[in-house]
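Thanks for coming. I will go through a few local features and then one chain contact, so please have the structure open.

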Amino acid sequence: MTATVRQKSPVGLSFGRIGAIVLRHYYLLKGSWTRILELAYWPAMQMIIWGFTTQFFISHSSWVARATGVLLAAVLLWDIVFRAQLGITVSFLEEQWSRNLANLFVTPLKATEFALGLMVMSIIRTVIGVGPAVLLAIPLYHFSIFELGLPLIPFFTCLMIMGWGIGLAVCGLIMRFGAGAESFAWATVFGFAPISGIYYGNP
Amino acid sequence: MASPAIEVDGLTKRFEKVTAVDGLAFSVQIGTTVALLGGNGAGKTTTLAMLLGLLEPTAGEVWVLGHNMRRERAHVLPRMNFSSPYVDLPHRLSTRQNLKIYGHLYGIRNMDERIAALVHDLDLAAFADRPVGSLSAGQKTRVALAKALINEPELLLLDEPTASLDPDTGDWVRSYLETYQRRMRATILLASHNMGEVERLCSHVLMMRQGRIVDRGSPQELIGRYGRDTLEQVFLDIARQQGLAAE
């Protein structure tokens, strides 16, 4: 077969190439139920533990009772940042673990397209990860994050962007310092926890 | 005369205090197959990485298919491809899934047709839907070759294309490359340790040692110049710094 292969313009962003990155990780997730389970497991566990903690305080303190849902909301929203960041870094690490990065970067794929592909995957991973926890909180603790209403949309967007920013920075560190820097993928975001006022208000 | 497929001038790569590639200058004419030969650490893989734009040279320039790789890499990448046993495809994905992803990355329009042709030509049908990680070394090499040919490249860079293959599979891969090169009038630059392979496939050889080209010529010219019977003996002379290359 010759001459039937045609290449699109290499100039500008290509949705086809961004889609290829998404497709690559979609195939990976589709073929691995353990990865999907792992995505949903930690947020669900966090939510359950903090839900019980909240219920304990409700039954022992009338003051905390007024704050029902505060801790659960904090856990779920914090998990959005965490999962958004992991969505970027774990997808990047999957390429590194499978020794596929060189193959990707000798194609016309641009760094921007690669990053956009990882961001789309990050949204998918966050929905798979946090979604079940959000839904479980409704029957278990009568708490719905959706009661936040429309402000939830910009809130979610800002949290995702924050997670992507940290995720891309971590990818840079891993590229610069190699496999020894992989632990940054899980550790870096927690450096922001004390100043984020997740479980307490910042003055 | 048409511009060469590859032109390299003063190409240098330093990693802190180590100079991996030291002032290379060479060109590869369109439609030829050229070998980069040298022992371990001679700088072959680093040179290939700079030709692909994966590594930025410390000094020097690379032109590929008439474009400067430092400034116009995006224009060239759709027309070239690469394969190496040291770079894998995602293990958990099947051959067909991998080819589809790379087809999208290269912007192949008649994707299904192209993949079907590669599966047929490279005899991949029996394992096209199995995860790449479960394949034998020979099967993985054929899959990697299919990936490298998905965009029908004008320029193919191959790093040890038959490393760790049994003689039968190695011979099959070499035959396929010969056929592809003739059919497409493609240019192939390969780094190899297999002297028989180089004698069979290559019209020109660049001998490297310690990051420099220490000799060059056709396999027969080099064999004659060193007064040897085979290219392997020439390689050993150069690697052990005996004869002409040491002068």
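B:Gln241, which follows H9(B), has a positive phi, near 55 degrees. Helices here are DSSP runs of H or I with at least four residues, strands are runs of E with at least two, and both are numbered from the N terminus. This is a predicted model, where local features need pLDDT of at least 70, side-chain atom pairs count only at pLDDT 80 or more, and totals for chains, interfaces and linings use all residues. Residues are numbered from 1 along each chain as its sequence is written, and chains are lettered from A and ligands numbered from 1 in the order in which they are written.

Staying with H9(B), residues 231–239, its buried residues are B:Leu231, B:Val234, B:Phe235, B:Asp237 and B:Ile238. They are on the same side of H9(B), because they cover an arc of only 160 degrees around the axis; the arc is that of the directions from the helix axis to the C-beta atoms. Buried means 20 or more other C-beta atoms within 10 Å of the residue's own, exposed means 12 or fewer, and partly exposed is in between, with C-beta atoms placed from the backbone. The cover over these buried residues includes strands E3 (33–38), E9 (204–209) and E10 (212–217) and helices H7 (195–201) and H8 (219–226), of chain B.

Now chain A. Which helix holds A:Ala187? That residue is in H8 of chain A, residues 184–187. A:Ala187 is exposed, with 10 other C-beta atoms within 10 Å. Its C-alpha atom is separated by 23 Å from that of A:His25, 162 residues apart along the chain.

Next, a helix pair. The axes of H4(A), residues 70–97, and H6(A), residues 111–141, come within 8 Å and cross at roughly 155 degrees. That makes H4(A) roughly antiparallel to H6(A), the term for angles over 145 degrees. The contact includes A:Leu76, A:Ile80 and A:Phe92 of H4(A), and A:Leu118, A:Val130 and A:Tyr141 of H6(A). Contact means C-beta atoms, placed from the backbone, within 7 Å. By class, there are 15 nonpolar, five polar and three charged residues. Nonpolar covers Ala, Val, Leu, Ile, Met, Phe, Trp, Tyr, Cys and Pro; charged covers Asp, Glu, Lys and Arg; the others, Gly among them, are polar.

Last, the contact between the chains, which takes 30 residues from chain B and 29 from chain A. On the chain B side, H3(B) gives the largest share, five residues. That side divides into 16 nonpolar, seven polar and seven charged residues.

Key: Axes fitted to C-alpha atoms, helices over the stretch in contact; angles between N-to-C directions. Parallel < 35°, antiparallel > 145°, perpendicular 65-115°, else oblique. Contact = placed C-beta atoms within 7 Å.
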